[in-house]
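Here is a briefing on a predicted model. Look over the sequence and the structure before reading on.

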Amino acid sequence: MKDYLVLRVIAKMIIAFMLMFALYVQFHADFGPGGGFQAGVIAAASIIFYAIIYGLPAARRVVPDWLVETMVAAGVMLFALVGVAGMLLGGNYLDYFVLHSDPVEGQHRGIFWVELGVLITVSGVMLKIFYLFAGRASGEDAEP
Amino acid sequence: MATLAIIAQRNLFSVVILFGIYSFLMATVLVALDAVDVGMTEAAVGAGISLVLFLGVLHLTTGEEMKPLHRPLLPLAVALATGIMLVYGTLGLPAFSDPNAPPHRHVVPRYIHDGPRETGVPNVVTAVLASYRGFDTLGEVVVVFTGGVGVIALLRRGRRGKKEAG
């Protein structure tokens, strides 16, 4: 779809707003609906949109394979390390109250990092699955 | 309606589009039930990502469904029996939005009354998911991770084997 001028221009405009909306869903989850899962899917959808309009190689240049694969594991690591941090500071595993002198503030911090971990893993997995399927369709090698 | 159309259609492209419509309908139903978080997930995952993945798979295969080899009587019977059992199971559930139902009297009052004060998070769903049930959410993320790793392992190995053979 590289030759459709309208699609290219519109996509360029919309993708910025999609990423913005993903961040809004991520960081506004304390007050409104949303969270890491939804934000991760929206962020992955914006990259997939880019890949559909501009072609898979262009998307691979923006978000390379090694980055996606690192994201898949890094999110789980981040989530688990938040739990370990709670243990090191003298609480139970995944105990957020000890992360800050004020327990409510500690909860905020814990939820923030945990949701960030969810976002990273979910968007990484979604992107990786799309890359693998789309790479098969266009017959190019998935190996970096 | 959408489900019946999905069963009747033989063109896989229209089936995929109908799946998307069905997901959006389910999302609106969930929003109408005040489950905004779940509705959002359904709209993003069900109607968004899985639709794109289905289309990608369609690109790899043909667009028309093959004629079935057997008569689908046994699967139909299994599906009907499961459906009837599930409907029979819902009869044992407490009535919808019954405040005296057992799940609403166990930990839910504590989440709703103490959650905003203890966590400082106004959205109860986020508080429960990330804080009270943090361990479960960790499990969920590990499930997503495992799924991703499985897909990577399967699809990559197939490609490498093909390269060696060819």
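Residues are numbered from 1 along each chain as its sequence is written, while chains are lettered from A and ligands numbered from 1 in the order in which they are written.

**Chain B**
- Chain B has eight helices and zero strands (DSSP runs numbered from the N terminus: helices are H or I, at least four residues; strands are E, at least two).
- Along the sequence the pattern reads α-α-α-α-α-α-α-α.
- Of its 166 residues, 17% are buried (20 or more other C-beta atoms within 10 Å of a residue's own, with C-beta atoms placed from the backbone).

**Where chain B touches chain A**
- Contact joins 39 residues of chain B and 44 residues of chain A (C-beta atoms, placed from the backbone, within 7 Å).
- On the chain B side, two or more residues each come from helix H3 (36–60), helix H6 (108–119), helix H7 (124–132) and helix H8 (134–165).
- H8(B) gives the most to that side, with 15 residues.

**Helix H2 of chain A**
- H2(A) covers residues 36–54, and its 19 residues should span 27 Å at 1.5 Å a residue (1.5 Å times one less than the number of residues).
- Its end C-alpha atoms are 27 Å apart, which agrees.
- 15 of the 19 residues of H2(A) are buried, so the helix is largely enclosed by the rest of the structure.
- A:Gly55 follows H2(A), with a positive phi near 95°.

Technical notes: Predicted model: local features only at pLDDT ≥ 70, side-chain atom pairs only at ≥ 80, totals over all residues. Contact = placed C-beta atoms within 7 Å. Buried ≥ 20, exposed ≤ 12 C-beta atoms within 10 Å, placed from the backbone.
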